[in-house]
Amino acid sequence: MEQVGENAEDVQQPTATAEAVDEPQNVTAEESVEPAESVDFSDEEAMLAAEQADVALGEEAEGEEPSGDATVSYSGKSKAELVEILSDKLRNEPVQTLRSTVEAIKIAFYKAHKAEIESLRREAVEKGADPDNLNLPTDTNEVALKALIAEYRTKRDEYIAGLEKSKEESLKIKLTIIEELKALINSNETLNQTFATFRELQQRWKEAGPVPQANVKDVWETYNHHIENFYEYIKINKELRDMDLKRNYEAKIALCEEAEALFMEPSVVTAFHSLQKLHDEWREIGPVAAEYKEELWNRFKEASSRINKRHQQYFDEIKQEQQSNLELKTKLCEQTEELNNTDCESRKEWNKASEKLLEIQKVWKTIGFAPKKENTKIYERFRAACDTFFERKRNYYSGLKDQMEENLALKTRICEQAEAVMMSEDWKSTGDRLIDLQRQWKEIGAVPRRQSDAVWKRFRAACDTFFERKAAHFSSVDSEHKDNLARKRALLEEMEAFDLAAISFEAIKEFQRRWSEIGFVPIKQKESIQKQYKEAVDKLFGALRGSERDRNMDKFRNHISNLKQSGDKRLRYERERLYGKVKQLEADIATLENNIGFFAGSKNAESLISEVRVKIAKAKADMAEAIKKVQAIDAAEQE
């Protein structure tokens with residue numbers, strides 16, 4: 001899918017002029033749009049290309065584990081390198097850990113693959129060939145990749161089949177152990193020998209491994225039942241029995257504490273998977289004394305319920321968000337399709353429509369995934385609508401050849417007029433005349449690319465000649481500006497030397513008043529001296545805010561001291577509240593930073609971006625303060 005951009009480029013101002021205007025880029029009628037700014041859809045295109053190439057991995061299976069290098073980026077690797085990496089991992093790493101790695105390599109491969117095809121299409125256009133009828137050679141790297149992915153799927157299927165077989169074997173072993181437990185009760189061995197056999201059976205049970213999910217509950221309940229029967233059988237030896245019950249009690253207490261500690265785990269998914277492992281361990285531990293059994297189980301169950309509820313809410317929110325994303329993307333598809341139903345009859349109208357589509361594409365990139373079943377379909381719909389737009393635009397520009405030749409003649413005449421006055425010393429009227437010619441130049445449309453650069457350089461050279469002469473003429477009147485520059489530098493030194501311990505808002509306002517009363521400085525130093533002034537003012541305000549933050553922290557330390565006296569529970573609640581605030585601020589900062597990219601192409605972008613950056617700075621300061629408060633609570637708890 002192509003991305004929208006202006007059929008123009010901003011051009012540097014002629015040297016030493018403040019009056020120069022931007023120059024439109026000249027575009028050939030054969031070209032569609034070479035975007036000056038665009039939205040990057042390469043990842044989406046790579047995912048779509050991979051699906052069309054029939055290298056899908058299928059649904060994630062039970063037993064597959066996260067990859068150790070799931071966050072590794074493979075962008076920038078060549079296709080041959082990606083094939084080699086995948087081959088090496090298939091040879092040397094467990095297949096059950098490779099799913100996310102294979103997915104990442106696959107997407108990176110088809111991203112590079114599509115970039116190569118687009119390059120070949122551009123070469124075809126430059127040579128006058130039809131880019132839609134490329135005779136592409138067989139890609140040996142793609143053949144190798146498909147073979148490796150097929151090998152991965154085969155190995156994964158074999159692993160899953162082996163896992164199921166292993167579970168069936170484990171089931172047989174555990175059923176045998178249960179039968180041996182039953183027999184222990186009628187054993188003729190001494191009690192010590194019987195207990196040693198019992199311990200051996202418990203160890204074999206732990207080593208047997210998982211059983212099929214459908215049998216987990218029944219097998220565990222049966223095993224636990226016979227464990228309790230055995231304890232009833234040996235209760236005549238109270239010392240041995242109590243020792244074992246105590247050991248089981250301590251083990252289950254530890255599992256309860258581990259489950260409760262998962263409340264503080266930031267990752268909902270990690271907490272959930274950790275909880276499953278704790279449940280497996282709970283099943284493997286024998287019974288506890290009857291008076292503790294229900295109490296312990298209720299404690300463990302309550303902790304589990306909280307983790308499970310949080311896990312369910314997490315995925316419900318993801319599902320809801322993805323459905324919302326689908327609705328938003330559907331509206332963007334409708335808006336793009338509506339653009340295709342609008343007739344554009346001039347370059348201005350096409351540019352306006354292109355700007356709308358660019359904004360739509362930018363918004364699209366800020367929206368996350370739709371539900372898995374709909375994600376590819378909605379992107380294909382959006383891509384088709386965008387492609388239709390670009391095809392219509394290409395068709396329009398293909399009819400502009402004659403108009404471009406006429407534009408070249410008009411710009412050539414403007415060059416002649418500029419060259420006729422470039423040596424004039426009538427600075428005011430000639431400057432106004434050249435500015436007017438620049439305005440006319442910008443209103444004239446595109447010219448053929450082969451003449452574009454030459455005619456622009458000719459016009460720019462004439463403008464540069466005049467404005468450089470004008471700048472040299474007026475350089476002698478800069479003495480007052482130089483004096484102002486010296487005064488401002490002296491004021492900066494005074495601001496730098498100011499005692500920050502005595503800073504006040506009134507002192508800062510006085511510095512600002514004195515600065516504003518000093519006149520202009522030489523244009524070349526204007527930006528740098530203003531930057532120094534801003535840094536000095538920011539430093540003073542920073543010191544002022546710093547002293548306020550110190551006072552606030554002193555108040556907060558007194559507050560947590562009072563909370564600690566009231567009980568650790570209130571102190572812990574305050575810490576959790578602050579920790580939640582930190583996480584929320586992190587999310588807010590990420591959203592604001594993403595918005596900067598979105599606003600970059602908007603009207604009044606500089607003002608909007610400046611406001612967003614102020615919000616980001618405030619959010620970061622608030623987050624730093626919240627973190628310091630959390631640290632203060634931690635320190636108080638350790639005292």
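The legends below describe an overview and several close-up views of a predicted model.

Because this is a predicted model, local features are given only where pLDDT is at least 70 and side-chain atom pairs count only at pLDDT 80 or more, whereas totals for chains, interfaces and linings use all residues. Residues are numbered from 1 along each chain as its sequence is written, and side-chain values use heavy atoms, with hydrogens and water left out.

**Overview. The chain holds 19 helices and 0 strands.** Helices (H or I, at least four residues) and strands (E, at least two) are DSSP runs, numbered from the N terminus. Of the 639 residues, 36% count as buried, where buried means under 20% relative accessible area, exposed over 50%, and partly exposed in between (1.4 Å probe, protein chains only). Among contacts (heavy atoms within 4.5 Å) between residues at least 6 apart in sequence, 81% join residues at least 24 apart.

**View A. Helix α3 spans residues 99-126.** This helix has 28 residues and reaches 41 Å from its first C-alpha to its last, close to the 40 Å expected at 1.5 Å a residue, the expected span being 1.5 Å times one less than the number of residues. Its buried residues include Val 102, Ile 105, Lys 106, Phe 109, Tyr 110 and His 113. Just after α3, Gly 128 takes a positive phi of about 85 degrees.

**View B. Lys 252 is found in helix α7 (residues 238-261).** Lys 252 is buried, with a relative accessible area of 9%. Leaving out residues up to four places away in sequence, Lys 252 touches Trp 282, Ile 285, Gly 286, Val 288 and Leu 296.

**View C. Lys 488 lies in helix α15 (residues 479-497).** The relative accessible area of Lys 488 is 9%, so the residue counts as buried. Apart from its neighbours within four places in sequence, Lys 488 is in contact with Trp 515, Ile 518, Gly 519, Val 521 and Ile 529.

**View D. Val 269, in helix α8 (residues 268-284), touches His 311, Tyr 314 and Phe 315, not counting residues up to four places away in sequence.** Val 269 is partly exposed, with a relative accessible area of 27%. Although Val 269 and His 311 are 42 residues apart along the chain, their C-alpha atoms are separated by 6.7 Å.

**View E. Helices α10 (residues 347-366) and α11 have axes that come within 12 Å and cross at roughly 160 degrees.** That makes α10 roughly antiparallel to α11; angles under 35 degrees count as roughly parallel, over 145 as roughly antiparallel, 65 to 115 as roughly perpendicular and the rest as oblique. Axes are lines fitted to C-alpha atoms, for helices over the stretch in contact, and angles run from 0 to 180 degrees between N-to-C directions. The contact is made by residues including Trp 350, Leu 357 and Trp 364 of α10 and Phe 382, Phe 389 and Tyr 396 of α11. Among the buried residues of α11 are Phe 382, Phe 389, Lys 393 and Tyr 396.

**View F. Helices α12 (residues 401-421) and α14 (residues 449-474) pack at an angle of about 20 degrees, with their axes 9 Å apart.** That makes α12 roughly parallel to α14. Among the residues that meet here are Leu 408, Ile 414 and Cys 415 in α12 and Val 455, Phe 459 and Phe 466 in α14.
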